[in-house]
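Here are a few friendly notes to read alongside the model. Please have it open as you go through them.

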Amino acid sequence: VVVVWLGYSIYQNQREPASTDPIKIGAILPLTGWGAYWGEGEVKGINLAVKDIRAAGGNIEVLVEDSGTEAKGAASAAQKLIDIDNVKGLFAEFTGPSSAVSPIAFQKRIPLIYDALTKKPLADNPHSLKMYFDIEKECYKVAKYLSNRRYETLGGVILNLDFSSECKNGITRAAEEGGAVIKFYDFNTDTVDFRTIIAKMK
């Protein structure tokens with residue numbers, strides 16, 4: 001990730017006068033909301049990386065903004081980082097925030113690296129790079145494995161988040177290819193009792 005950002009910055013510096021200012025990178029992380037557990041670790045990792053880069057002679061600054069684990073918060077953070085803080089690259093976490101940040105980054109010609117399940121930013125933004133696995137492809141593989149073993153009915157217990165439609169697309173495609181029937185059962189992040197869902201599946 002850092003190599004990509006630094007490569008872009010070096011390219012920029014070839015066209016601009018040399019500067020002693022640090023290379024600024026914006027990180028839009030889930031520090032509050034349901035994804036806060038993930039963002040806390042990322043901040044620690046960023047701090048370690050910055051320390052190592054500076055120790056090696058690099059001049060870098062990472063500005064962290066909270067997305068609230070929401071698309072709206074991520075979009076506001078991206079606007080601030082680009083328009084006020086003048087970052088040279090962006091990093092975003094999770095599908096909703098990444099999808100919201102991508103068109104903003106594309107409009108401003110700022111490279112975006114994102115860690116999320118969705119593929120949408122890749123299709124909409126040629127300056128984006130995805131770090132996480134392809135959820136549609138992986139869900140397809142699981143469903144294909146089951147349909148190849150002659151299961152006539154498949155059940156998908158799917159977390160109700162913004163990437164779930166891509167997973168469902170993969171499962172549906174595999175089920176159709178294998179002649180199986182697929183039934184989906186959605187649940188939310190705050191669901192703790194799955195007895196109702198299990199009863200429906202029987």
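1. Glu166 sits in helix α7 (helices are DSSP runs of H or I, at least four residues, and strands are runs of E, at least two, numbered from the N terminus). This is a predicted model, where local features need pLDDT of at least 70, side-chain atom pairs count only at pLDDT 80 or more, and totals for chains, interfaces and linings use all residues. Residues are numbered from 1 along each chain as its sequence is written, and side-chain values use heavy atoms, without hydrogens and water.

2. Glu166 is buried but has no salt bridge, and Lys119, the nearest side chain of opposite charge, is 5.3 Å away. Buried means under 20% relative accessible area, exposed over 50%, and partly exposed in between (1.4 Å probe, protein chains only). A salt bridge needs a side-chain nitrogen of Lys or Arg within 4 Å of a carboxyl oxygen of Asp or Glu; Lys and Arg count as positive, Asp and Glu as negative, and His and the chain ends are not counted.

3. Beyond its neighbours within four places in sequence, Glu166 is in contact (heavy atoms within 4.5 Å) with Leu117, Thr118, Lys119, Lys120, Ile135 and Glu136.

4. Other buried residues of α7 include Cys167, Gly170, Ile171 and Ala174. Among the elements covering the buried residues of α7 are α6 (135-147) and β6 (153-159).

5. What span should α7 have at 1.5 Å a residue? Its 15 residues (164-178) should span 21 Å, which agrees with the 21 Å between its end C-alpha atoms; the expected span is 1.5 Å times one less than the number of residues. Gly179 follows α7, with a positive phi near 70 degrees.
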